[in-house]
Structures are given as C-alpha cells and as structure tokens.
Amino acid sequence: MLTYEHEQVTYFADPAIGLRAIVAIHSTVLGPALGGVRFWHYAREEDARTDALRLSQAMTMKAAVAGLAQGGGKAVVFWDDPHAPRSDAFLRSLGRWIDVLGGRYLAAEDVGASQRDMDGIARETPWVTGVDPARGGSGDPSPVTAFGVLHGMRAACVAAFGSGELAGRRVVVQGAGHVGACLARLLVDAGSHVAIADIDADKARAVGVPVLASDEVMSADCDVFAPCALGGVLTRASAAALRCAVVCGAANNQLLDDDAADALEARGIVYAPDYVVNAGGIINIAQEWAPGGYDADRAYAETARIADTTGRVLATAREERITPARAADELARRRIAAAGRGPYRPGEPSAMRDALVARHDVFKD
C-alpha cells in the first residue's frame, strides 16, 4: 500500500457461495473512488492483489487527467470460469460487501463483467454505475471507451506522422474483447487497414477483419499497435520487437515498468498513455450524475476531447524531454495536489452520491 500510495485495501469473502474479492481504493482526494469490477482467474492471491493495486492507481490518474471529480478504485473477484454466469445470490453478496464501504468505492464494469452484473450488484447497494439505461444508467461503456481511443489515436498520429488521418493506416489490435472489437470496427469505418489477434481465435474471427496469431501480434508490421487486452504487455524486450510508429490502445497498465517507457522513447515510438486515451468509459459514466441525467450525445462529445488531452500530454513530453508516461503522471499529480484536501468521507456533499442514491429505488425488490 505504501509503494502504490493507497488509502485502503479490503478483502471480502462469503464462503457459503464461494465469493472472494479484493477492493483497492487508491485515492479519494478528488471524490469517491470509481473503478471496475474485474472477474478473473488468478493463480495466486498475490497476483489478484497486485492487479487491484495497479489498476486502482491507474484509475486515479485517469480520472485526474480527464478532469473528473472522482478518485480511483478497483475490485477484483476470483472467478475461475470466464463463461459461467454469476448467480443472483453471488452478485447480491458482492453488492452487500461493496455497500459496507459506504460509497467511498463506486463499482463499474470491467474485464469479465457485464451490465447484468452491475444490475445485480445494484439490488443491494446504490454505489454502482453502468447499470441498465432504462433505469437511469449509462449501460455498456465499451463503445464510448473505443471512441475515445480512436480520438487519442488521431492525436498520436499527428505526433508521429504530422496528420491525424487514419484512412490508409495499418493498425493491429491486440484483444477482441468488448473494447478491442469496437475499436477495430471504428477503425474500419475510418478507412484503416485493420488486423486483430486474441487468445480466443473464434472471438477474433467474429470481428470481421484479418486475424493474426496471438504470438505474432506484437511483431507485426504496422503503423499503429493497439493493445486492448490485459496489462503489462510492453516491456523492454517487447518494445524492441515492435514494428510500429505509434502505440495507442485501451488496455490498462500497458507498461510493465519505467524501463518499457524508456525503451519506446529510445526507439522513437510515440506512446499514447493508456489511462489518457482509454478514459472514455469513466467520462461516459460521469454523465450519470450530470444535470438532467445521462445523455449519450453529451458523453460522446466530452469523450472526443481525449484528442486534445492526448495532444497536450505528447507536446509536454517533447518540450520537457520526458516520456509521455511521465508527462501524463505529472499532469495527474498536479491536479490532485491542487485539490488541497484529504480523503473523501462518506456523507460529504457529492453530486454523484446524490444521483446514485436517488436511482437506487428502482432496483429494490
């Protein structure tokens, strides 16, 4: 916790139904900690904890750079079978544990989760986002996240090629999940030549673009490499194998460490920091508590501004002769420091809390 500068890490268990989960709250200085619920198979408890710590820290930085009044958190739930649905009892138990945190942590959709999961959790707690749009939620955030990555990619291409035009660009997408598939289709619509890879070959083929072997994707010859699977794929070694001019994708924590950022910089590869370009999901969710309630057009308009933010981060990196990753971190930390306040305490005034509490009645039995 000291290494990652966390406020709180909580372990939950309900042995009767097999629930084991960890919720990491990195920072609530800017507001309640928002972060996805990730259902995943972890070989070791230590791996799950590390994932929760790193992902929640990234959420804090993401919200700060995006200018949102919220902090960063993340829930990881031990789940062995990615195709097995969660029972109502399982989701309600998870919801009760999230409710114990009193609104310091707000749940959202993440890897392995669905809108149905968010609706199930919402039956026990108001502290959940991304629920059914018919009940005042913003639904699946994946299309908006992909839309934001597309705009971040345009800004990165300006830095690399002098033009943000994506027509004719060769883009390789790693990961055919919700966001990766959406991004691939948006790129096709933009006129890009797109290929995709996924450990699930059937899922990759369903996207409708050429498919690459998952062990070849990082060395494929392209203009833009878009990591949209799990994190830690960019290392000093993998950076040396890349054959692209731009790295811009939706995956969280793409850089294994600072060495990876330095390796990309040394090769002249433009890196668009992941939490800058993939902020569309939380920008979309923030519209749930905007005046007048959720509005999709407004969410997409706000998300399009990711291009400006990405351009500013890349320009700062050039001017200060630092990596884009460091430039983004410094921008986020300056905003948090400027807040001049301590952790968020349940009960403090918050537009998001008021909106979620008001909506909760529609989920009660």
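Q: What makes the crossing in which α4 passes α12 right-handed or left-handed?
A: α4 passes α12 in a right-handed crossing; a crossing is right-handed if the near helix is turned clockwise from the far one by less than a right angle, and left-handed if anticlockwise. This is a predicted model, in which local features need pLDDT of at least 70, side-chain atom pairs count only at pLDDT 80 or more, and totals for chains, interfaces and linings use all residues. Residues are numbered from 1 along each chain as its sequence is written, and side-chain values use heavy atoms, with hydrogens and water left out.

Q: At what angle do the axes of helix α4 and helix α12 cross?
A: The axes of α4 (residues 142-161) and α12 (residues 306-320) cross at roughly 35° and come within 8 Å. Axes are lines fitted to C-alpha atoms, for helices over the stretch in contact, and angles run from 0 to 180 degrees between N-to-C directions.

Q: Why is α12 called roughly perpendicular to α13?
A: The axes of α12 and α13 (residues 324-339) cross at roughly 110°. Roughly perpendicular covers 65 to 115 degrees, so α12 is roughly perpendicular to α13.

Q: Why is strand β6 described as largely enclosed by the rest of the structure?
A: Four of the five residues of β6 (residues 170-174) are buried, so the strand is largely enclosed. Buried means under 20% relative accessible area, with a 1.4 Å probe and protein chains only.

Q: How do you know that β6 and strand β7 pair?
A: Two strands pair if DSSP finds at least two bridges between them, and five bridges join β6 to β7 (residues 193-197), which run parallel. Within β7, Ala195 is the bridge partner of Val172.

Technical notes: Helix = DSSP H or I, 4+ residues; strand = E, 2+ residues; numbered from the N terminus. Parallel < 35°, antiparallel > 145°, perpendicular 65-115°, else oblique. Buried < 20%, exposed > 50% of the residue type's maximum accessible area, 1.4 Å probe, protein only.
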